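Look at the sequence and the model below.

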Amino acid sequence: MREDFPSSALERYFSGLTEFTFQTRLGVADPSLTDYLSQLLIAFLRNDTLYSVRDDEGRRLSRIGEMLGEAERRMGGARREVHQHIGDFALFWVGLFPEALRLRDGQPDEDRYEDYCSHGKRAYYLASEIETDRDPPGDVLERLSCDFEMCAYGLREVRREWEERDGSGGMMLIR
C-alpha cells in the first residue's frame, strides 16, 4: 500500500476484500496489483477524485474523449497522470458499474462498454510507457493494460462480495 495514503477502517476493508477476492476467486496473488486496485476503490469513492482531470479553464472533464484530448496537450509526468486516470476511470466503471455503461437513454449500448475497455487498456499502456519516478511503477500499469478484463471481472467480484456482506444487496459503503 502507498505510505502517503492514510490507513482507515474503509481502507483496510477494501484492501482485505480486494486481496481475498483476487486470491480466492481469481487465483491472483499479486500484492502490487491488489494494492493498486484497493487504492483505486478508496480514491474513487470521492466524486472529486473520480472527476479530477480538468482542462485549462479548470472545468472538470467527465468524458473519456475530453480526457484524451487533455492528455495530448500535456507532457511527461502530467501526461502520464492523465492517461493513468483514464485507465482508472474506465476500469472503475467497467469493473464496478458495467450496467451503467451498457445502457444509454434506457437503450442497450454495448459499444459504450467496449469503448471504455479499449480506452482503459490503451491509456494504461500509454501511461506505462512514460518514464517517471512516481508511483505506481510502469510494470503495474502495463499489467493493468494487459489484464484489464480480468481486473474488471475481479472488481465486479469485489462488488458482489461487499453487497453480500452488506446483506441488503445495496451499496452501503458508497451512500
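Which residues lie nearest the centre of the second largest pocket? They are Ser62, Arg63, Ile64, Arg112 and Tyr116, out of 14 residues that line this pocket. The model is a predicted one, in which local features need pLDDT of at least 70 and side-chain atom pairs count only at pLDDT 80 or more, while totals for chains, interfaces and linings use all residues. Residues are numbered from 1 along each chain as its sequence is written, and side-chain values use heavy atoms, with hydrogens and water left out.

Rolling a probe the size of a water molecule over the atoms shows where empty space is left. Here the search runs on a 1 Å grid over the protein atoms alone; a pocket is an open set of points where a 1.4 Å probe fits, with protein on both sides within 12 Å along at least five of seven lines, and a lining residue has an atom within 4 Å of a point. The second largest pocket holds about 240 Å³ of space, a volume being the space filled by probe spheres set on the points, which are joined across faces, edges and corners. Two or more lining residues come from each of α4 (64–73), α5 (76–96), α6 (98–101) and α7. These helices are DSSP runs of H or I with at least four residues, numbered from the N terminus. The largest share, 4 residues, comes from α7. By class, the lining has 7 nonpolar, 3 polar and 4 charged residues. In this count Ala, Val, Leu, Ile, Met, Phe, Trp, Tyr, Cys and Pro are nonpolar, Asp, Glu, Lys and Arg are charged, and the others, Gly among them, are polar.

Ser62, one of the residues nearest the pocket centre, lies in the loop between α3 (47–50) and α4. Ser62 counts as partly exposed because its relative accessibility is 38%; buried means under 20% relative accessible area, exposed over 50%, and partly exposed in between, with a 1.4 Å probe and protein chains only. Ser62 and Leu50 are 12 residues apart in sequence, and their C-alpha atoms are 8.5 Å apart in space. Beyond its neighbours within four places in sequence, Ser62 is in contact (heavy atoms within 4.5 Å) with Tyr51, Met67 and Phe89.

With neighbours within four places left aside, the contacts of Phe89 are Phe44, Leu50, Tyr51, Ser62, Ile64, Met67 and Tyr116. A nonpolar core is a set of buried Ala, Val, Leu, Ile, Met, Phe, Trp, Tyr and Cys residues joined through side-chain atoms within 4.5 Å. The largest such core has 44 residues, and Leu37, Phe89, Leu91, Trp93, Val94, Tyr116 and Leu144 touch the most other members. Among the elements that give two or more residues to this core are α1 (9–25), α2 (31–44), α7 (110–129) and α9 (148–166). The most, 9 residues, come from α5.

Further along the chain is a peptide bond to note. Most peptide bonds are trans. The bond from Asp135 to Pro136, however, is cis, with omega near -5°. Pro136 lies in the loop between α7 and α8.

How many salt bridges does a search of the whole structure find? The search finds 15, each being a side-chain nitrogen of Lys or Arg within 4 Å of a carboxyl oxygen of Asp or Glu. One of them joins the side chains of Glu70 and Arg73, at 3.0 Å from N to O. Glu70 and Arg73 are separated by about one helical turn because they are 3 residues apart in helix α4. Glu70 is buried, at 3% relative accessible area, whereas Arg73 is exposed, at 53%.

Glu157 forms a salt bridge with Arg160, with 2.3 Å between the closest N and O atoms. Glu157 is buried, with a relative accessible area of 5%, while Arg160 is partly exposed, at 40%. Glu163 and Arg159 also form a salt bridge, their closest N and O atoms being 3.0 Å apart. These two residues are 4 apart in helix α9, so about one helical turn separates them. Glu163 is buried at 18%, and Arg159 is buried at 18%. Salt bridges that share partners join Arg25, Glu157, Arg160, Glu161 and Arg165 into one network.
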